[in-house]
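Please keep the sequence and the 3D view at hand while reading.

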Number of protein chains: 2
Amino acid sequence: MADTWVRMVTAQTPTNIAVIKYWGKRDETLILPVNDSISVTLDPNDLCTTTTVAVSPTFDQDRMWLNGKEISLSGGRFQSCLKEIRARACEVEDEEKAIKIAKKDWEKLHLHIASYNNFPTAAGLASSAAGFACLVFSLAKLMNAKEDNSELSAIARQGSGSACRSLFGGFVKWTMGKVDNGSDSLAIQVADEKHWDDLVIIIAVVSSRMKETSSTTGMRDTVETSLLLQHRAKEVVPKRIVEMEEAIKNRDFASFARLTCSDSNQFHAVCLDTQPPIFYMNDTSHKIINCVEKWNRSEETPQVAYTFDAGPNAVLIAHNRKAAAQLMQKLLYYFPPNSDTDINSYVAGDKTILKDAGIEEMKDVESLQPPPESKDTSRYKGDVSYFICTRPGRGPVLLVDESKALLDPKTGLPK
Amino acid sequence: MADTWVRMVTAQTPTNIAVIKYWGKRDETLILPVNDSISVTLDPNDLCTTTTVAVSPTFDQDRMWLNGKEISLSGGRFQSCLKEIRARACEVEDEEKAIKIAKKDWEKLHLHIASYNNFPTAAGLASSAAGFACLVFSLAKLMNAKEDNSELSAIARQGSGSACRSLFGGFVKWTMGKVDNGSDSLAIQVADEKHWDDLVIIIAVVSSRMKETSSTTGMRDTVETSLLLQHRAKEVVPKRIVEMEEAIKNRDFASFARLTCSDSNQFHAVCLDTQPPIFYMNDTSHKIINCVEKWNRSEETPQVAYTFDAGPNAVLIAHNRKAAAQLMQKLLYYFPPNSDTDINSYVAGDKTILKDAGIEEMKDVESLQPPPESKDTSRYKGDVSYFICTRPGRGPVLLVDESKALLDPKTGLPK
């Protein structure tokens, strides 16, 4: 009996969107960035990774399944995370199940890992951030590691840079750090998700035919060839980090929006300054920016901030529910779904925003009026694949309900 | 009789395309730039402005016609040019026509100006550069001004910054100058059009539904809000100017292409770093860049350089005729004309490139094969309005043939 037990832990970790961007590494292996960054954690109810990790003396190798499909763990980034977390494993004793794992046993024991994203993996929605954060967090719990979430973030960082910011809810800063081994390049919470809870986030998943440059390749090219990146990293971002922390602490939406939009645009500017140039935004992204800019200018104070990661999808942060409902109307005016689409599948996540916008069925979308602040009255059907309504959310949690586990508690294989 | 004479001069001036870009003024009124720029003059046979200027004691006011339609001369930029050139007017004596104009007469005499572009004015093809250069050049000849073309360029500059570079053929540098009155902010020729005469230029006039930001407004916004522009102007461009002059002198196409592409991309990067951001390139522009980049990378040495001004049109500079013919095939593969278009109106200018590419009729376009170096085999019919094939060309010339004049020699009104 003592040789057939399976010990499992299941955790859920959010994704995050940077409002001061990370772009460029000073160390490729350790994943150390050229500047600090700040992100908003997104509500895991709408976008998250769930990971179950299991250990058993019956496992003869480390194995991993992503969204039900077995994937290789041989990549350097997985190996870095596994090695780092194993080094921090501690003794585990479970009297009920008669399990006892000594600290030194972890070196020989093998792991099974199953991970699942509740959103499309390839849609450019930071699935690797949530994924590596969840891997490291769940393994730390399984192995009884004593490190706090900041210390764990420095491990998750070695899987995917932005993963370190998914170890906390609310507003998170990744400090670039100074030391060579990267131990001080980690995430700290600026404010929790309750601090500024009237923000509403709408993600526009933009249709694209163009193959995108991976962010790993892209940022390497930028570091090697852009003559503007170092100026951004050394002169521009440090000031913006201070201003952004201040804006978040004071819930100063005007400053938050100005900094968020400017920093997104500057990140895409250094991509364009790369040889060969990198284009992540497309004409649809540009139209969304124009829509937001025109509206913000027509109001006394900004209503919405926009930010774009390494792809054409827009992440729009509205000041409050009222602004979000108005934004939803403008977005659905310009980007109605294809005729055969159900409005409830076109707008995923928190559908109460749709209700606030007065939209219950397709005919409500059809009868929307063009935004009065813009001369563009065209409608671009099909240019957006779908929207997700969400908000700032909490950090990683353990799921104690065993029915949520992705691995079978007896076999340690995917359910 | 002595009171009814009309004295006329007709000139033709080329347009130009910057390969090291001008973006940002340090003086809005005098039009003094924040950095030097370098351009290639385009063959006036394909793209030019023709201007006839006339003076007569019978004219009771200054008047101007552009492409046959009367326009106002009251704008500050026209007035600056007229004032500057009148201040340099000299005595004119034409014994044959019994005309004698004393230096001081020019202050009282009125002018008629007719100007015509042999290409679409609003297509973003630097019509104002050719236009102001031609205005100043023809007026200088009419008024017997003694200034050389460099000195005249400092006047044309006050009409439209890039106009100063249209006073010379071949390769032209606009030096930003140092003095407050702008007298040293003028154009000088780097090399004439015969120096590097195997270059071939293909312009893709890109279809666009988006309203563009005017370059005057755009560069003002960039100067006021971009945190990258000053770094570009002070640290990046001065080095590139030296390298570009060297590349041109040595006919070093690899360096020329690298600098041209990088500087175009950096100009668009600072536009994106502007608040609100400015997008001049669209998805079609991006596709053209990807096509050129992929091809250049697949060859041992670059075959084509690309550069984009304040709009989505691509200006593609091919190393030689062979590269231009291959480029034409790739472009026509990706961007075939709409079915009802005649290939000979779709490719304007020097049609021998089309012949070199083996394309005589629409079925030759239809049977083109996808470029082997790219995975993108899609065809984007209608995304390009038309192409213009041209080459580096000569500077301003006087047209002595009176039949070319745009004004009637008796009435001084448009023919």
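## Where the two chains meet

In this predicted model, the number of salt bridges between chain B and chain A is zero, whereas six residue pairs, both members at pLDDT 80 or more, are in polar contact between the two chains. On the side of chain B that touches chain A, at least two residues come from each of three helices, namely α5 (229–249), α6 (253–272) and α7 (283–298) of chain B. Of these, α7(B) gives the largest share, with seven residues. Sorted by type, the residues on this side of chain B are 13 nonpolar, 10 polar and eight charged.

The contact involves 31 residues of chain B and 31 residues of chain A, and the two chains bury about 2900 Å² between them, with 63% of that area on carbon and sulfur atoms. Leu228(B), Leu272(B) and Phe279(B) together account for 19% of the area that chain B buries against chain A, which is more than any other three residues supply.

## How the two copies are related

Two copies of a chain are related by a rotation about an axis and a shift along it. Here, chain B is superposed on chain A by a rotation of 180° with 0.0 Å of shift along the axis, at an RMSD of 0.0 Å. That is the relation of a two-fold axis.

Within chain B, the C-alpha nearest the axis belongs to Ala269(B), at 2.1 Å from it. Both copies use the same surface, since 100% of the contact residues of chain B recur in chain A.

## Two domains within chain A

Chain A is divided into domain 1, made up of 7–193 + 398–404, and domain 2, which spans 200–390. The C-alpha centres of these two domains of chain A are 28 Å apart. Contact between them involves 29 residues of domain 1 and 42 residues of domain 2 of chain A, and together the two domains bury about 2900 Å², 71% of it on carbon and sulfur atoms. Ile20(A), Lys21(A) and Trp23(A) supply 29% of the area that domain 1 of chain A buries against domain 2, more than any other three residues.

Between domain 1 and domain 2 of chain A the count of salt bridges is three, and 10 residue pairs, both at pLDDT 80 or more, are in polar contact across the interface. The strands β2 (16–20), β5 (37–41), β12 (171–174) and β13 (187–191) of chain A each provide at least two residues of the side of domain 1 that touches domain 2. Among the contributors to this side, β2(A) has the largest share, four residues. By type, the residues on this side of domain 1 of chain A comprise 17 nonpolar, four polar and eight charged.

## Salt bridges in the whole structure

Over all chains, a search of the whole structure finds 42 salt bridges. One salt bridge joins Asp309(B) to Lys21(B), with their closest N and O atoms 2.6 Å apart. This pair links distant parts of the chain, 288 residues apart: Asp309(B) lies in the loop between β15 (304–307) and β16 (314–318) of chain B, while Lys21(B) lies in the loop between β2 (16–20) and β3 (25–27) of chain B.

In chain A, Lys173(A) forms a salt bridge with Glu245(A), and the closest N and O atoms of that pair are 3.0 Å apart.

Technical notes. Residues are numbered from 1 along each chain as its sequence is written. Chains are lettered from A and ligands numbered from 1 in the order in which they are written. This is a predicted model: local features need pLDDT of at least 70, side-chain atom pairs count only at pLDDT 80 or more; totals for chains, interfaces and linings use all residues. Side-chain values use heavy atoms; hydrogens and water are left out. Contact means heavy atoms within 4.5 Å. Buried area is the accessible area (1.4 Å probe) that two parts lose on being put together, summed over both. A salt bridge is a side-chain nitrogen of Lys or Arg within 4 Å of a carboxyl oxygen of Asp or Glu. A polar contact is a pair of N or O atoms within 3.5 Å; within protein, one must be able to donate a hydrogen and the other to accept it, and residues adjacent in sequence count only if both atoms are side-chain atoms. Ala, Val, Leu, Ile, Met, Phe, Trp, Tyr, Cys and Pro count as nonpolar, Asp, Glu, Lys and Arg as charged, and the others, Gly among them, as polar. Copies are superposed by least squares on the C-alpha atoms of residues with pLDDT of at least 70 in both. Domain bounds come from an automatic or database domain assignment.
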